[in-house]
Amino acid sequence: MSYTPHKSPIANLEEKNILDLLKQDKRIDGRGLTEYRELRIEPNIIEKANGSARVTLGKTQVIAGVKVEVGEPFPDTPNEGALSVNAELTPIAHPSFESGPPGEGAIELARVVDRSIRESNAIDREKLCIESGKKVFVVFIDLNIMDHDGNLIDASTLAALVALLSSKINNYELKDGEIIYKSEQKPLPVNDCPIAITFAKLGETLILDPCLKEEAIMKCRLTVGVNEKGSICAMQKGGLGEFNIDEIKETTKLATEKSPEIRKKISEVMKNAKN
Amino acid sequence: MNLNKIPEKLIDEKGLRIDGRKLDKLRPIKLEVGVLNNAEGSAYVEQGRNKLVVGVYGPRETHPKHMIIADRAVVRCRYRMTPFSTEERKNPAPSRREMEISKVIREALEPAIMSEYYPRTTIDIFIEILQSDGGTRCASVTGAALALADAGIPLKDIISSCSFGKADGKIILDLSDAEDKYGEADVPVAIMPNFNYITLLQMDGELTIDEFNKGLDMIMKACMEIHDLQKEALKQKYTQNDK
């Protein structure tokens, strides 16, 4: 069951200030309307995971870990590996997060991250087939939200992607249906680099990368996933408000323009990590 | 009972789809208002082979108390697939998919509900999918809008919803299950027809910006068509009662 959430009391106090600033095209943290906060990406922070990453977007911090295990394929895709994304809004990340089974916020977050990665075919799932119909690699992406200051979707999608890019799996041999691992490793087959770009509508203004205070008073948000070709591969509207058509067209256009910047940053980070 | 085989192609040489539809045609839609006895508002929807019932209760007292919002009503929404609604039996426990869809349906409807008229109360929307064949979340929004109107809850507009997508390289309207599974993209949309607002928008697959914009224009027209059917369904019930 999904129900209308409470608005935070701080939001009521700060709402006017934020909206007044927006009328002058200003934001509470001094950013431009379509400017990202400072982005830091650290790949491979957990040795025991196949791949991992810490992403900080302003004060939002997400850690993603990839674990690859052997499992059975889905009956309708016997030659493809599987992907599973899970998100934990851990209670250390924000006073409003409580421990317990994932709520609709965590589920939506995981499913939107999953959508960008799955629909852009970022993981070459056919290369993860070990024995058709019997054994495939299952890629688990676990997202741990460490500090929540808004825009968890973009930060989590980035963390998931960088964790995938840094992932390695052991080479193996198949003998009589048994998997025998070798010591050398190869990278996980990653084909695309989908970027999620989230806009929020505050009053009648569209802003990029909302922080927590902006999210608290936003009418609604729209996430656009963009693949390397510049096509849209995922979308999700959230929040209690509505968009008009011009706003939708503007966000999709802006998202395709913004995504190469972030992709470039990722490739720089990955290149430095290898050296 | 396997009704769906994996199709070789989704659009034939004549430009027709597996069920014989043209690219920009909706499936046959049947809407009925006031189908339940106890619910304050209800609606039955058939769209192609989709069959679903929506029941609305409220505004009523909020339980538990901590959920009360002082200046508006809480809107609760549950989208549920019956175990017999799919090819393989669906586990009756709520899935992650159902939880996400419950949320997006609620967020699609809330912009139209004048919830500030009923502070401290709850408006409940329950959706039961009896048979699913692609596009159930859209059909649910269409039905829920009718059930809310039937319950007498003040609305800014009757929300209408449908999906567009892409199959065999062509932009198509109102995707069936096979077109959703084997096609290239699926974009569910809900609109407030009298304001041209978009209240639900999701997408998976791959579309260029031009294809997306083309589909967006197509879906606005289709939703207007559904909106006319909704008005007709409401009139049907209330003119009958007058006699």
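This report describes the contact between chains A and B, a helix of chain A that takes part in packing across it, and one buried leucine.

## Basis of the model

The model is predicted, so local features need pLDDT of at least 70 and side-chain atom pairs count only at pLDDT 80 or more, whereas totals for chains, interfaces and linings use all residues. Residues are numbered from 1 along each chain as its sequence is written, and chains are lettered from A, with ligands numbered from 1, in the order in which they are written.

## The contact between the chains

Chain B contributes 34 residues to the contact and chain A contributes 33 residues, two residues being in contact if their C-beta atoms, placed from the backbone, lie within 7 Å. On the side of chain B that touches chain A, two or more residues come from each of strand S4 (74-81), helix H1 (96-109), strand S9 (197-207) and helix H4 (209-242) of chain B; helices (H or I, at least four residues) and strands (E, at least two) are DSSP runs, numbered from the N terminus. S9(B) gives the most to this side, with 11 residues. By class, this side of chain B holds 17 nonpolar, seven polar and 10 charged residues, where Ala, Val, Leu, Ile, Met, Phe, Trp, Tyr, Cys and Pro count as nonpolar, Asp, Glu, Lys and Arg as charged, and the others, Gly among them, as polar.

S9(B) also pairs in the antiparallel sense with strand S14 (residues 243-244) of chain A, over two bridges; strands pair if DSSP finds at least two bridges between them. In S9(B), B:Tyr197 is the bridge partner of A:Asn244.

## Helix H2 of chain A

Of the 16 residues of H2(A), 13 are buried, a residue being buried if 20 or more other C-beta atoms lie within 10 Å of its own, exposed if 12 or fewer, and partly exposed in between, with C-beta atoms placed from the backbone. After H2(A) comes A:Asn121, whose phi is positive, near 55 degrees.

H2(A) packs against H1(B) at an angle of about 105 degrees, with the axes 9 Å apart. Axes are lines fitted to C-alpha atoms, for helices over the stretch in contact, and angles run from 0 to 180 degrees between N-to-C directions. The contact is made by A:Glu104, A:Ile107, A:Glu108 and A:Arg111 of H2(A) together with B:Arg96, B:Met99, B:Glu100 and B:Lys103 of H1(B), and these residues divide into two nonpolar, no polar and six charged.

## A buried leucine in chain A

A:Leu158, which lies in helix H3 (residues 152-165) of chain A, is buried, with 24 other C-beta atoms within 10 Å. Not counting residues up to four places away in sequence, A:Leu158 touches A:Ile41 and A:Val55.
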